[in-house]
Amino acid sequence: MTRKEGMTMNPDLRFQNITESKLSFDEVVHRILRFMAQDPKAHFHFAIGTDSQVHQGCTKFITGIIIRRLGKGAWACYRQVIVPRELTSLKEKLTMETSLSQEMACYFSVDAVRRMEEQLLPYVYQGAVLETFIDIDAGTEPFVNKTSLYVQEMVARVESMGMYAARVKPDSYCASSYANRYTKKPVRRKVM
């Protein structure tokens, strides 16, 4: 849904990456479109994924957004959400991670993804491709990943959205690599 169709933007929806901070959603979409315009004949993967880390007294969630030009670089940013309690249930953490990714995907769903597709449309017969994914920070190997019990449920949730393919480990790099990197940093507490 777009804002025109009834979904309002959360004014606290702010993003950052290693070079920029306090990016609005519209600025993120602009950066993605600008990145894609550099080579509109390329094959692109647009991925959203969330990872979490329990810290003392809270749980930190990082939702990553990546536009990847296969073999030719990427642009990425992330959003941080802090839940003021330590989530200890693996299923609860994974469910919350998937929900945050789905929420972000809803913001992109209609208008932003349509704009990405329109930018590539004139170059479809020259190789332009856009694939959209929600990366789930879970693996299917029961002996390696404790999350394997919940993979089918999370994949079904993502696929029911209809617009995004679900990816799990080892392919879910947006969640298990990019977002994971930023969950480890300590949570800064505001002093009153």
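In β3, tyrosine 78 is the bridge partner of glycine 64, and this pair belongs to the 10 bridges that join strand β2 (residues 58-69) to β3 in an antiparallel arrangement. Two strands count as paired if DSSP finds at least two bridges between them, while strands (E, at least two residues) and helices (H or I, at least four) are DSSP runs numbered from the N terminus. The model is predicted, so local features need pLDDT of at least 70 and side-chain atom pairs count only at pLDDT 80 or more, whereas totals for chains, interfaces and linings use all residues. Residues are numbered from 1 along each chain as its sequence is written, and side-chain values use heavy atoms, with hydrogens and water left out.

| Strands | Sense | Bridges |
|---|---|---|
| β2 and β3 | antiparallel | 10 bridges |
| β1 and β4 | parallel | 7 bridges |
| β4 and β5 | parallel | 4 bridges |

Within these pairings, glycine 49 has aspartate 135 of β4 as its bridge partner, and isoleucine 134 stands opposite alanine 166 in β5. Strand β4 is largely enclosed by the rest of the structure, because 8 of its 11 residues are buried, where buried means under 20% relative accessible area, exposed over 50%, and partly exposed in between (1.4 Å probe, protein chains only).

Alanine 42, in the loop between α1 (25-37) and β1 (43-55), is buried, with a relative accessible area of 8%. Leaving aside residues up to four places away in sequence, alanine 42 touches Arg69, Gly127, Ala128 and Val129, contact meaning heavy atoms within 4.5 Å. Alanine 42 and alanine 128 are 86 residues apart in sequence, yet 4.8 Å apart in space, C-alpha to C-alpha. Tyrosine 125, by comparison, lies in the loop between α3 (111-120) and β4 (129-139) and is exposed, with a relative accessible area of 85%.
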